[in-house]
Amino acid sequence: MIALSGEQGSAKSTFSAILRALVDPNTAPLRALPREDRDLFIAAGNGHVLAFDNVSGLPPWLSDTLCRLATGGGFAVRQLYADQDEVLFDASRPVVLNGIEDIVTRPDLADRAVFLTLEPIPEERRRPEQELWAEF
């Protein structure tokens, strides 16, 4: 897991999208955090890298689920309209989180994370995003 932090204007979202594009190009490279475990594991089943944008904080349940996803873990839910059947999700995926503040606060997730703090890009060094992507 990579946890990016930095002030506004430090290109956290762009850097996250570039990291994902290196491994897993996608028409929607950055997502909002999921609302439940099931959604996270479904997303992991449909992509090679998960990138979550503008994260303000992680609830404890999501921190625990990200730990399972980082080291390989499963999730089971009852199959719709069936009392005894389960659907199993099993995944291990790299995750990119970005936000202005320190996002990862729990020690178990911190042990699985690489922390990067990006510096703000001065106005004179900024480039149009379209130009950056064309060069990329």
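This is a predicted model: local features need pLDDT of at least 70, side-chain atom pairs count only at pLDDT 80 or more; totals for chains, interfaces and linings use all residues.
**Exercise 1. Find the residue that forms a salt bridge with Arg 20, and decide whether the two residues are buried or exposed.**

Step 1. The residue to look at is Asp 24, which forms a salt bridge with Arg 20.
Step 2. The closest N and O atoms of Arg 20 and Asp 24 are 3.0 Å apart, and the cut-off is within 4 Å, so the pair counts as a salt bridge.
Step 3. Arg 20 and Asp 24 are both buried.

**Exercise 2. Arg 68 forms a salt bridge with Asp 37. State which helices the pair links, and classify each residue by its accessible area.**

Step 1. Between Arg 68 and Asp 37, the closest N and O atoms lie 3.7 Å apart.
Step 2. Arg 68 belongs to helix H3 (residues 60-71), while Asp 37 belongs to helix H2 (residues 37-45).
Step 3. Arg 68 has a relative accessible area of 30%, so Arg 68 is partly exposed.
Step 4. Asp 37 has a relative accessible area of 19%; buried means under 20%, so Asp 37 is buried.

**Exercise 3. Classify Glu 123 and Arg 126 by relative accessibility, and give the distance between their closest N and O atoms.**

Step 1. Glu 123 forms a salt bridge with Arg 126, with the closest N and O atoms 3.8 Å apart.
Step 2. The relative accessibility of Glu 123 is 63%, so Glu 123 counts as exposed.
Step 3. For Arg 126 the value is 39%, so Arg 126 counts as partly exposed.

**Exercise 4. Name the residues linked in a network of salt bridges, and give the count of salt bridges in the model.**

Step 1. The network links Arg 127, Glu 131 and Glu 135.
Step 2. The count for the model is six salt bridges.

**Exercise 5. Ala 11 and Asn 54 have a positive phi. Locate each residue and classify its accessibility.**

Step 1. Most residues other than glycine have a negative phi.
Step 2. Ala 11 is not a glycine, yet its phi is about 65 degrees. Ala 11 sits in the loop between strand E1 (2-6) and helix H1 (12-23).
Step 3. The relative accessible area of Ala 11 is 28%, so Ala 11 is partly exposed.
Step 4. Asn 54, also not a glycine, has a positive phi of about 55 degrees. Asn 54 lies in the loop between strand E2 (50-52) and H3.
Step 5. Asn 54 has 56% relative accessibility and therefore counts as exposed.

Technical notes. Residues are numbered from 1 along each chain as its sequence is written. Side-chain values use heavy atoms; hydrogens and water are left out. A salt bridge is a side-chain nitrogen of Lys or Arg within 4 Å of a carboxyl oxygen of Asp or Glu. Buried means under 20% relative accessible area, exposed over 50%, partly exposed in between (1.4 Å probe, protein chains only). Helices (H or I, at least four residues) and strands (E, at least two) are DSSP runs, numbered from the N terminus.
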